[in-house]
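Good morning, and thank you for making the time.

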Amino acid sequence: MNTANILLIERGLVKLIKNPSAPIMGFGMSLFFLLVYNAGIGGIGSMEAFGAGGYLSFVFPITIISLAMGSSAGAGQTLNADMQSGYFKRLYLSPAPRWILVVAPMLADTISSMAFTILLIAIGATFGVSFQFGLLSVLGILLLSFLWSLTLCGFSAGIMLRTGQYQSAAIVTNAVFPLLFLSTTFLPRELITAKWLLAISWGNPVTYILEGNRFLLAGTSSASFFYIGLLIFSITSVVSVTFALRSAKKIKV
Amino acid sequence: MIAEIQIQELFKKYPKGTEALKGVSLEIQKGQFFTLLGPNGAGKSTLVQILTTLINKDSGSFSIAGLNPEANQSRIQKMIGVASQDNEIDPTEKVENLLVFQCRLFGLTKPEASKRANELTQLFELDKERSKKAGALSGGNKRRLHCALALVHRPRILFLDEPTVGMDPVARANFWEVITQLNTQEPVTVFLTTQYLDEADKHATEMALIIAGEIKYSGTIIGFKKMVNPNGVMSLDDSYLQFVKTVSNPETSKN
């Protein structure tokens, strides 16, 4: 990667460190979910369907998913600030490739989300979340989380660029939020009684990241969920980055 | 010899139907101090934006230092420096950091970037402001920083689009001292658009006059003054006003 690209990604990260409200909110929301769900309904974790990892390992993936959602709500804040101040034009007139001007802040958002995911995994491990393949499980979770985060950040930044309003980045979070409740979020598939919910959960991409993570954690799901999840979110990552780059062409410098 | 900036039959129409450029052709030689004059909305900024690859032309062709900017965007950016009407600065960053970062974007190493940032803060008298955030600077100092950022990479061609708007007389004098020095010593080719005709008259030698997207005159400033008033001596300001009046309303000016 050339120096200008690295410099722009570094700049995006420094901006996030100076103004960390979005990732910290995402992290706080995730910890809150973990605490509340485990405290409120953790007692059912002794049922066989939850496996040896108990309810904590079962509910842990939801915290990872919500972390990326919280971070993506702030995606593009650096890009937006640069456009508002006119500094984006200064960067646009530099020899740096123009695509990196859009991709760098998105990558910074994703890297920040990954850093908080690692912190969350460490907290989870401390409190007894099980990782059935050890370090490989952690790497697998990080890979899924990276693709999921990049997907959300790409769409958020793209929408923000098209509307020209920073607040509109939250549209993606709001749109994805109902998908969390139309999946196997709180209970395993075999304990869900409503057939319509089961049918919807099959078509819901969130199911594959949830179950893929559960395969890596307590092994309560099959490996196929992990592989399908990787495929789905690799495709959505490419689509979202393409969407963001196409949206960038609509910027008036 | 190929001109430093060569423009042939450039057309640009905006989506709402405004024809900003109607077949503009110009040649600016290496080392010239050129000024593009014209009333508001004449197409000056549009032409600068096309030449600096900020927007696309509809048709026609142009080259910068013999290169097609549309196919050599990165190389062209290393050759040109642009100071436009608006301050393109990150208000949350310190002056020194902004200059060093800009230098690094143009490929300078860290020590080179620090050295160049020092030179520029001295040149634009921003020494005392270097650790201040750009957003906390006075209007004049923001303009100085904006112009300094355009020079980090020692460009061979400078596009100055109304660069002294908002500068006090001392800052303006200092700015022109820097630019004329670059033009005479380096020699940097200067492409200036301005509404301050006294500045154009004092510093530029070549000019073009654009009205409603069409070039009405192209040549030396002395030649323009002679063309407007062959018998007397008029300032560029007066010559410009008389010429624009004639072109805009030929019947009235005859009377």
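**Interface, pockets and cavities**

Let me begin with one pocket: helix 1 of chain A and helix 3 (95-105) of chain B each supply at least two residues of the lining of the second largest pocket. Helices here are DSSP runs of H or I with at least four residues, strands are runs of E with at least two, and both are numbered from the N terminus.

Some conventions come next. This is a predicted model, in which local features need pLDDT of at least 70 and side-chain atom pairs count only at pLDDT 80 or more, while totals for chains, interfaces and linings use all residues. Residues are numbered from 1 along each chain as its sequence is written, chains are lettered from A and ligands numbered from 1 in the order in which they are written, and side-chain values use heavy atoms, with hydrogens and water left out.

To finish with that pocket, its volume is about 340 Å³. Of the 13 residues that line the second largest pocket, A:Leu7, A:Glu10, A:Arg11, B:Asn97 and B:Phe101 are the closest to its centre. By class, its lining has six nonpolar, one polar and six charged residues. In this scheme Ala, Val, Leu, Ile, Met, Phe, Trp, Tyr, Cys and Pro are nonpolar, Asp, Glu, Lys and Arg are charged, and the others, including Gly, are polar.

The terms themselves rest on a 1 Å grid over the protein atoms alone: a cavity is a set of points where a 1.4 Å probe fits but cannot get out, a pocket is an open set with protein on both sides within 12 Å along at least five of seven lines, and lining residues have an atom within 4 Å of a point. Grid points are joined across faces, edges and corners, and a volume is the space filled by probe spheres set on the points.

The largest pocket has a volume of about 960 Å³. It is lined by 28 residues, and those nearest its centre are A:Tyr92, A:Lys249, A:Ile251, B:Leu54 and B:Ile55. Two or more lining residues come from each of helix 5, helix 6 (98-126) and helix 11 (223-248) of chain A, and from each of strand 1 (5-13) and helix 1 (44-51) of chain B. The lining of the largest pocket divides into 15 nonpolar, five polar and eight charged residues.

How do the two chains meet? In the interface, 21 residues of chain A are in contact, meaning heavy atoms within 4.5 Å, with 26 residues of chain B. The area buried between them is about 2,100 Å², and carbon and sulfur atoms give 54% of that. Buried area is the accessible area (1.4 Å probe) that two parts lose on being put together, summed over both. A:Arg90, A:Leu93 and A:Pro95 supply 35% of the area that chain A buries against chain B, more than any other three residues.

Six salt bridges are found across this interface, each defined as a side-chain nitrogen of Lys or Arg within 4 Å of a carboxyl oxygen of Asp or Glu. In one salt bridge, A:Lys18 meets B:Glu93 at 3.2 Å, N to O. On the chain A side, helix 1 (3-18), helix 4 (77-85) and helix 5 (87-92) each supply at least two residues that touch chain B. Helix 1 of chain A gives the largest share of that side, seven residues. The side of chain A that touches chain B divides into 10 nonpolar, four polar and seven charged residues.

How many cavities of 30 Å³ or more are there? The count comes to two. The largest cavity holds about 80 Å³ of space, and its lining includes A:Leu8, A:Arg11, A:Phe88 and A:Ala104. Helix 6 of chain A gives the most to this lining, with four residues.

The second largest cavity has a volume of about 50 Å³. Residues of both chains line it, among them A:Arg90, A:Leu93, B:Gln77 and B:His153. Strand 5 (80-83) and helix 5 (139-150) of chain B each give two or more residues to that lining, and strand 5 of chain B gives the most, with three.

Finally, two points of backbone geometry. B:Glu186 and B:Pro187 are joined by a cis peptide bond, with omega about -10°. B:Pro187 lies in the loop between helix 6 (169-185) and strand 7 (189-193) of chain B. B:Glu9, in strand 1 of chain B, has phi near 45°, a positive value in a residue other than glycine.
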